[in-house]
Amino acid sequence: MATVKCSIPKGTRDFLPVEMARRNYIFDTIRKVFRAFAFEPIETPSLENLSTLMGKYGEEGDKLLFKVLNSGNFMESVDFQQDYHKVAPQICDRGLRYDLTVPFARFVVQHRDQITFPFRRYQLQPVWRADRPQKGRYREFYQCDADMIGSTSLLNELELVQMIDMVFGELGINVVVKINNRKVLAGIADMIGAPDKLVDITVAIDKLDKIGLDNVRAELAERGLGEQQIKALDPVFSLSGTAEEKIAALEAMFANVEIGRKGAEELKELFGYIAAVGVKSEVELDLTLARGLNYYTGAIFEVKAKDVQIGSICGGGRYDNLTGIFGMPDVSGVGISFGADRIYDVLTELDAFPKDLAQAATVLFINFGPAEQAACVKVAARLRAEGVATLVYPETAKMKKQMDYANRKGVPFVAFIGENELQNGTVTLKNMTDGTQTTMTVDEMVAILQ
């Protein structure tokens with residue numbers, strides 16, 4: 001058999017035990033906060049029908065969908081001389097999920113008789129995007145989502161901000177929470193006489209941090225906006241002050257634009273709630289925040305780390321009729337998604353992971369021979385029953401080899417049951433940090449290691 005080069009696809013990763021320990025620390029922290037706000041867990045398949053996914057993420061999002069070839073002899077009747085867009089539906093009708101929100105909307109419609117509205121769900125699963133891999137951007141990555149569906153109350157948006165505050169407070173990451181409202185962006189499109197260009201405006205504005213203002217203006221021109229319309233956006237880009245001052249300016253700006261005025265009212269109510277509960281993280285009204293996904297209709301969120309240069313580490317927003325695409329109209333939802341992989345990169349750069357996460361075992365029993373091994377196995381079973389992670393070295397090897405193993409694994413305690421301990425029914429426990437060792441009963445050992 002030929003030798004195969006060991007490799008994995010670009011944009012994907014293997015995770016070693018220490019990396020998995022750190023990832024689980026992030027997942028456990030997020031999951032704990034989700035549960036504190038009474039969200040319930042669900043899962044959806046990695047594969048969705050392309051009819052479920054296509055057209056929900058905008059033109060650019062559709063291009064990033066991983067499409068999966070049909071199985072069987074599906075190519076026999078395909079005329080490959082046709083245009084690709086005609087061929088593609090004939091050779092693939094499924095795709096890897098791009099996010100967790102659209103599959104969630106499908107889930108809600110499909111299981112509407114089995115869930116209670118308003119429904120609050122959380123979901124921690126991988127998603128896939130055919131993107132160009134770079135720092136902080138992967139083709140396979142985890143999202144940690146929480147959504148409420150079946151309620152239009154802005155208290156839901158407040159709770160999302162509180163959850164963001166709690167998660168990043170627990171993780172020790174300083175963040176800024178940026179908030180805007182898609183109704184404000186729709187109002188701006190109306191105000192400049194380009195209501196039909198809302199998607200073009202949001203897609204371009206969403207790139208402001210990446211490509212700069214001049215390039216955003218150039219892209220708006222390419223998308224069909226006139227010079228005067230683009231110039232009319234300048235007040236939006238330059239609006240400054242506190243959230244209250246910006247909202248007051250919007251209210252004046254939208255005096256005759258109903259949808260924009262509604263967006264300003266929602267922002268005013270939400271920022272009032274946030275001020276009342278005393279969120280610790282910095283919260284900013286950012287009128288250039290657009291969130292490129294087409295399905296957002298109200299409040300939108302984006303979270304950035306203040307001490308690390310990286311893209312957004314959390315984002316989300318309100319969607320009023322995503323379930324309508326699947327035949328269940330007028331059901332509003334709102335949610336956020338924590339980017340676990342980028343959060344991992346931030347904690348790594350900050351060196352902010354707890355130091356003992358990679359510690360798999362609390363104690364290692366040295367193996368001296370058959371009789372001693374039998375005693376070790378018995379005591380190890382007792383320790384494991386008491387919740388203490390325990391290893392018994394599987395072979396009778398030299399003491400140095402076994403102790404080196406304990407050091408390499410970062411095991412904080414080593415236990416010895418030798419000839420004397422066998423006779424006396426005791427155990428000698430060595431603290432690998434300070435080098436002290438004490439002979440004690442099994443009960444005393446259990447008490448110490450617990």
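**Loops, sheet and cores**

Modeller: Let's start in a loop. Asp-330 sits in the loop between S10 and S11. This is a predicted model, by the way.

Colleague: What is the phi of Asp-330?

Modeller: Positive, about 60 degrees, although Asp-330 is not a glycine.

Colleague: Is Asp-330 buried or exposed?

Modeller: Exposed, with 72% relative accessibility.

Colleague: Which other Asp has a positive phi although it is not a glycine?

Modeller: Asp-351, with a phi of about 55 degrees. Asp-351 is in the loop between H15 and strand S12 (363-365). At 54% relative accessibility, Asp-351 is exposed.

Colleague: Back to S10 and S11. How do they run, and how many bridges join them?

Modeller: Antiparallel, with 6 bridges between S10 (residues 314-319) and S11 (residues 333-339). Tyr-319 is opposite Gly-333 of S11.

Colleague: What packs on the sheet there?

Modeller: Helix H1 (residues 17-36) does, touching strand S5 (119-128), strand S6 (140-149) and S11. The direction of H1 makes about 5 degrees with that of S6. Helix H15 (residues 340-350) also packs on the sheet, touching S6, strand S9 (299-305) and S11. The direction of H15 makes about 40 degrees with that of S11.

Colleague: What is the strand order of the sheet?

Modeller: S1-S5-S6-S11-S10-S9-S7-S8. The sheet is open, has 8 strands and shows mixed pairing.

Colleague: Which strands stand at the edges?

Modeller: Strand S1 (40-41) and strand S8 (282-285). Each has a single partner strand, so one side of each is left without a neighbour in the sheet.

Colleague: On to the inside. How many residues has the largest nonpolar core?

Modeller: 96 residues. Those with the most contacts inside that core are Phe-34, Phe-168, Ile-173, Ile-313, Phe-338 and Ile-343. Helix H6 (residues 155-171) gives the largest share, 8 residues.

Colleague: Which second core is there?

Modeller: A separate one of 18 residues, including Ala-375, Val-388, Ala-415 and Leu-429.

Colleague: Take Ile-313. What is it in contact with, leaving aside neighbours within four places in sequence?

Modeller: Among them are Phe-168, Ile-173, Val-175 and Val-303. Ile-313 also contacts residues including Phe-338, Ile-343 and Val-346.

Colleague: Pick a residue from H6 for me.

Modeller: Leu-158 is in helix H6. Leu-158 is buried, with a relative accessible area of 8%. Leaving aside neighbours within four places in sequence, Leu-158 is in contact with Leu-270, Tyr-273, Ile-274 and Val-277.

Colleague: How many residues apart along the chain are Leu-158 and Tyr-273?

Modeller: 115, yet their C-alpha atoms are separated by 6.6 Å.

Colleague: Now cysteines. How many disulfides in the whole structure?

Modeller: 0. Take Cys-314: its sulfur is 9.4 Å from the closest cysteine sulfur, in Cys-144, too far for a bond. Cys-314 is buried, at 3% relative accessibility.

Colleague: And Cys-6, buried or exposed?

Modeller: Exposed, with a relative accessible area of 77%.

Colleague: Helices next. Which residues of H13 are buried?

Modeller: In H13 (residues 243-253), Ala-243, Lys-246, Ile-247 and Leu-250. They cover an arc of only 100 degrees around the axis, which puts them on the same side of H13.

Colleague: What covers them, and what is on the face turned away?

Modeller: The cover includes helix H7 (182-191), helix H14 (258-277) and S8. The face turned away carries the exposed residues Glu-244 and Ala-252.

Colleague: What about H17? Which residues are buried there?

Modeller: Gln-402, Met-403 and Ala-406 are buried in H17 (residues 399-409). Their arc is only 95 degrees around the axis, which puts them on the same side of H17. They pack against S12, strand S14 (413-416) and strand S15 (426-431). On the other side of H17, Lys-400, Asn-407 and Arg-408 are exposed.

Colleague: What comes just after H17?

Modeller: Gly-410, with a positive phi of about 70 degrees.

Colleague: Last one. Which peptide bond is cis?

Modeller: The one from Phe-117 to Pro-118, with omega near -10 degrees. Pro-118 is in the loop between helix H5 (101-110) and S5.

Methods: Residues are numbered from 1 along each chain as its sequence is written. This is a predicted model: local features need pLDDT of at least 70, side-chain atom pairs count only at pLDDT 80 or more; totals for chains, interfaces and linings use all residues. Side-chain values use heavy atoms; hydrogens and water are left out. Two strands pair if DSSP finds at least two bridges between them. Helices (H or I, at least four residues) and strands (E, at least two) are DSSP runs, numbered from the N terminus. Contact means heavy atoms within 4.5 Å. Axes are lines fitted to C-alpha atoms, for helices over the stretch in contact, and angles run from 0 to 180 degrees between N-to-C directions. A nonpolar core is a set of buried Ala, Val, Leu, Ile, Met, Phe, Trp, Tyr and Cys residues joined through side-chain atoms within 4.5 Å. Buried means under 20% relative accessible area, exposed over 50%, partly exposed in between (1.4 Å probe, protein chains only). The arc is that of the directions from the helix axis to the C-beta atoms. A disulfide is a pair of cysteine sulfur atoms within 2.5 Å.
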